[in-house]
Amino acid sequence: MGTRRPPTCPLCQGPGIALGSLGRLHWYRCRHCGMDFSRAARPKKPHTPAVQPARPTIQEHQA
Ligand SMILES: [Zn+2]
């Protein structure tokens with residue numbers, strides 16, 4: 001483990017050749033069947049700097 005393998009074709013699982021990135025997708029072309037397929041640019045990132053939902057502020061009981 002530790003070696004980065006090229007993405008495989010969803011059809012024949014052949015090796016994908018990087019075509020380039022378009023937006024958030026990386027495009028590859030299968031070397032076997034020639035089909036173009038895309039993968040998300042960011043593989044696994046649990047921490048997404050998304051907009052946090054507005055949290056209702058907890059108000060403490062004030063006497
Ligand atoms: Zn293929």
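Modeller: We will go from the overall fold to the sheet, the turns and a few single residues. Keep in mind that this is a predicted model.

Biologist: Gladly. How many helices and strands are there in the protein chain?

Modeller: The protein chain has zero helices and three strands. Along the sequence this reads as β-β-β.

Biologist: In what order do the strands of the sheet lie?

Modeller: The general idea comes first: strands of a sheet pair through backbone hydrogen bonds, in either a parallel or an antiparallel way. Here the three strands make an open sheet in the order S1-S2-S3, with antiparallel pairing. S1 and S3 (36–40) are the edge strands, each with a single partner, so one side of each has no neighbour in the sheet. On average, neighbouring strands are turned by 30° against each other, direction ignored.

Biologist: How many bridges join S1 to S2, and over how many do S2 and S3 pair?

Modeller: Six bridges join S1 (residues 16–22) to S2 (residues 25–30), while S2 and S3 pair over five bridges.

Biologist: Now the turns. Which residue takes a positive phi in the hairpin of S1 and S2?

Modeller: That is Gly 23, with a phi near 65°, in a hairpin that has two residues between its strands. The hairpin of S2 and S3 has five residues between the strands, and Gly 34 in its turn has a positive phi of about 80°.

Biologist: Both of those are glycines. What should I expect elsewhere?

Modeller: Most residues other than glycine have a negative phi. Gln 13 has a positive one, near 60°. Gln 13 lies in the segment before S1.

Biologist: Is Gln 13 buried or exposed, and why?

Modeller: Gln 13 counts as exposed because it has 12 C-beta neighbours inside 10 Å, and a residue with 12 or fewer is classed that way. Across the protein chain, buried residues make up 6% of the 63 residues.

Biologist: Could we try a residue within the sheet? Where is the place of Ser 38, and which residues does Ser 38 touch?

Modeller: Ser 38 sits in strand S3. Leaving out residues up to four places away in sequence, Ser 38 touches Leu 25, His 26 and Trp 27. With 16 other C-beta atoms within 10 Å, Ser 38 is partly exposed. Its C-alpha atom is separated by 9.4 Å from that of Ala 18, 20 residues apart along the chain.

Biologist: And contacts over longer stretches of sequence?

Modeller: Take the contacts in the protein chain between residues at least 6 apart in sequence: 11% of them join residues at least 24 apart.

How values were computed:
Residues are numbered from 1 along each chain as its sequence is written. This is a predicted model: local features need pLDDT of at least 70, side-chain atom pairs count only at pLDDT 80 or more; totals for chains, interfaces and linings use all residues. Two strands pair if DSSP finds at least two bridges between them. Helices (H or I, at least four residues) and strands (E, at least two) are DSSP runs, numbered from the N terminus. A residue is buried if 20 or more other C-beta atoms lie within 10 Å of its own, exposed if 12 or fewer, and partly exposed in between; C-beta atoms are placed from the backbone. Two residues are in contact if their C-beta atoms, placed from the backbone, lie within 7 Å. Axes are lines fitted to C-alpha atoms, for helices over the stretch in contact, and angles run from 0 to 180 degrees between N-to-C directions.
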